[in-house]
Amino acid sequence: HTVVFHLKTGTCNEMRRSLSRVFEELERLSPTQFIQPYKGFIVNQRNIVTIESSGITMICGALIPIPRGSLRELQSHYVEWRFGRKG
C-alpha cells in the first residue's frame, strides 16, 4: 500500500504503509485531530474550511467526499473538536 500525504506547502510525500496504520500513528501523536470521513482518506481537522453535503473542503482547495447520510455526524464531530477541546 502506498499512502500519499498532501501537505499545506503544496508538496506530496509518499510512504509504503497501510492507511489504517497511518491513522493509528496519527491518533497516537495527536488524538482526535485526524478523522477518516471516507474510505481512502485521512483528514487533518485543522485544515478543514467547510463540511457540506458535497464534501469536506480543505485549505488547499481539495474536496474530500463524504458518505451519504454522514453530513450531520461529521459536522457535529468537527464542531466538538474545534470548539469543545481544551487548549
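Trainee: Which elements each supply at least two residues of the lining of the largest pocket?
Mentor: Strand S1 (2-6), helix H1 (19-29) and S4 do. Helices (H or I, at least four residues) and strands (E, at least two) are DSSP runs, numbered from the N terminus. This is a predicted model, so local features need pLDDT of at least 70 and side-chain atom pairs count only at pLDDT 80 or more, while totals for chains, interfaces and linings use all residues. Residues are numbered from 1 along each chain as its sequence is written, and side-chain values use heavy atoms, with hydrogens and water left out.

Trainee: And what counts as a pocket here?
Mentor: On a 1 Å grid over the protein atoms alone, a pocket is an open set of points where a 1.4 Å probe fits, with protein on both sides within 12 Å along at least five of seven lines; lining residues have an atom within 4 Å of a point.

Trainee: Okay, how much space lies in the largest pocket?
Mentor: About 710 Å³, where the volume is the space filled by probe spheres set on the grid points, which are joined across faces, edges and corners. The lining has 24 residues, and Val4, Phe5, His6, Ile42 and Val43 are the closest to the centre of the pocket.

Trainee: Which element gives the most to that lining?
Mentor: That's S1, with 5 residues.

Trainee: What classes of residue make up the lining?
Mentor: There are 16 nonpolar, 6 polar and 2 charged residues. Ala, Val, Leu, Ile, Met, Phe, Trp, Tyr, Cys and Pro count as nonpolar, Asp, Glu, Lys and Arg as charged, and the others, Gly among them, as polar.

Trainee: What sits between S1 and S2?
Mentor: The two strands form a hairpin with 5 residues between them, and Gly10 in the turn has a positive phi of about 95 degrees.

Trainee: Where else is there a positive phi, in a residue other than glycine?
Mentor: Look at Thr32, with phi near 70 degrees. Thr32 lies in the loop between H1 and strand S3 (34-35).

Trainee: Is Thr32 buried, partly exposed or exposed?
Mentor: Partly exposed, because its relative accessibility is 42%; buried means under 20% relative accessible area, exposed over 50% and partly exposed in between, with a 1.4 Å probe and protein chains only.

Trainee: New topic! What is the strand order in the open sheet?
Mentor: The order of its 3 strands is S5-S6-S7, with antiparallel pairing. S5 and strand S7 (63-64) are the edge strands, since each pairs on one side only. S7 pairs with strand S6 (residues 55-58) over 2 bridges, and Thr57 stands opposite Leu63 in S7.

Trainee: What does Asn47 contact, beyond its neighbours within four places in sequence?
Mentor: Lys8, Thr57, Met58 and Ile59, with contact meaning heavy atoms within 4.5 Å. Asn47 is in the loop between strand S4 (43-44) and strand S5 (48-52), and counts as buried because its relative accessibility is 15%.

Trainee: Last one: where is Arg72?
Mentor: In helix H2 (residues 71-84). Arg72 counts as exposed because its relative accessibility is 74%. Arg72 and Glu52 are 20 residues apart in sequence and 9.1 Å apart in space, C-alpha to C-alpha. Asn47 and Glu27 are also 20 residues apart along the chain, and their C-alpha atoms are separated by 16 Å.

Methods. Two strands pair if DSSP finds at least two bridges between them.
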